[in-house]
Amino acid sequence: MSNSSLNKTISALHLIPQPWSIYTFFYPLSIISQITQEMYEKYPYFSVTRGPDGISIVVAFPSEEKGIIVEGEVRNLIELGPGDAGRWFGPWKAIKIRGPLYIGLTGILHEFLTPLRKVEINIYAISTWPTDYILVPAEKLDKALKVLKEDGWHVVEPNDHTESISLH
């Protein structure tokens, strides 16, 4: 059990594992005009971040094959085609911090990530206005949830709640 001052048992900090397979892609800036409203609506979760070197896309699939072109070890979104070869990662699984998170709370990600770092589980964090999503490699989800429970976090099992599980 952690000695932190963060009360990990409050409802807003409950952890909700998400059901979808998630992939991250990197594309050159030139594809930005190809990203459409339909793409945002098609996938359960679709996030785009533009940086000076390119576009990072995080997308959730109800099934691993839907929406992905696979050619050997290169994976691309069907709508966008080939990006930078080899610049994709997945599958990930998301753990949603229930939220909404009060903007004045500090140390949430640090408290969440510390036990995962100790057991060498890599992450990809996504922060949104109301909450955070932490992606872990799909094959390490069970281990991550076990470690987080041991650290004092409350993990909501699908049968423990009536709210729909959503990345939105």
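**Close-up views of the predicted model**

**A. Lys8 and Asp151 are both buried.** Buried here stands for a relative accessible area under 20%, exposed for over 50% and partly exposed for values in between, using a 1.4 Å probe and protein chains only. This is a predicted model in which local features need pLDDT of at least 70 and side-chain atom pairs count only at pLDDT 80 or more, whereas totals for chains, interfaces and linings use all residues. Residues are numbered from 1 along each chain as its sequence is written, and side-chain values use heavy atoms, with hydrogens and water left out. Lys8 and Asp151 form a salt bridge with an N to O distance of 2.6 Å. The pair links distant parts of the chain: Lys8 is in the segment before β1 (15-17) and Asp151 in the segment after α3 (141-150), 143 residues apart. Helices (H or I, at least four residues) and strands (E, at least two) are DSSP runs, numbered from the N terminus. A salt bridge is a side-chain nitrogen of Lys or Arg within 4 Å of a carboxyl oxygen of Asp or Glu. A network of salt bridges links Lys8, Glu111 and Asp151. The structure holds 5 salt bridges.

Salt bridges join Glu150 to Lys146 and Glu157 to Lys149. Side chains of opposite charge can pair when their charged atoms come close. For Glu150 and Lys146, the closest N and O atoms are 2.7 Å apart. Because Glu150 and Lys146 are 4 residues apart in helix α3, about one helical turn separates them. Glu150 is partly exposed at 47% relative accessible area, whereas Lys146 counts as exposed at 52%. In the salt bridge of Glu157 with Lys149, the N to O distance is 3.2 Å. Glu157 is partly exposed, with a relative accessible area of 30%, and Lys149 counts as partly exposed at 43%.

**C. Asp132 is buried yet has no salt bridge.** This residue is found in strand β9 (residues 132-137). The nearest side chain of opposite charge is that of Lys96, 11 Å away; Lys and Arg count as positive and Asp and Glu as negative, while His and the chain ends are not counted. The Asp132 side chain makes a polar contact with the side chain of Ser127 at 2.8 Å. A polar contact is a pair of N or O atoms within 3.5 Å; within protein, one must be able to donate a hydrogen and the other to accept it, and residues adjacent in sequence count only if both atoms are side-chain atoms. Setting aside neighbours within four places in sequence, Asp132 is in contact (heavy atoms within 4.5 Å) with Ile95, Lys96, Ile97, Leu101, Leu109, Ile126 and Ser127.

**D. Strand β4 (residues 54-61) is largely enclosed by the rest of the structure, because 7 of its 8 residues are buried.** Strands β3 and β4 run antiparallel and are joined by 7 bridges; two strands pair if DSSP finds at least two bridges between them. The two form a hairpin with 2 residues between β3 and β4. Thr49 has Ser56 as its bridge partner in β4. Ser47 lies in strand β3 (residues 45-51) and is buried at 15% relative accessible area. Apart from neighbours within four places in sequence, Ser47 is in contact with Ser56, Ile57 and Val58. Strand β2 (residues 21-27) also pairs with β4 in the antiparallel sense, over 7 bridges. The bridge partner of Tyr27 in β4 is Ile55.

**E. Ring pairs link Tyr23, Phe25, Tyr27, Tyr40, Tyr43, Phe46, Phe61 and Trp88 into a cluster.** Rings of Phe, Tyr and Trp (its six-membered ring) pair if their centres lie within 6.5 Å; planes under 30 degrees apart count as stacked, over 60 as edge-to-face and the rest as tilted. The count by this rule is 10 aromatic pairs. One of them is tilted: the ring centres of Tyr23 and Trp88 are 6.2 Å apart, with planes at 40 degrees. Tyr23 lies in strand β2 and Trp88 in strand β7 (residues 88-97), so this pair ties together parts 65 residues apart in sequence. Tyr23 is buried with a relative accessible area of 1%, and Trp88 is buried with 12%. The rings of Phe25 and Tyr27 also form a tilted pair, with centres 6.4 Å apart and planes at 35 degrees. Phe25 is buried at 4% relative accessible area and Tyr27 is buried at 0%.
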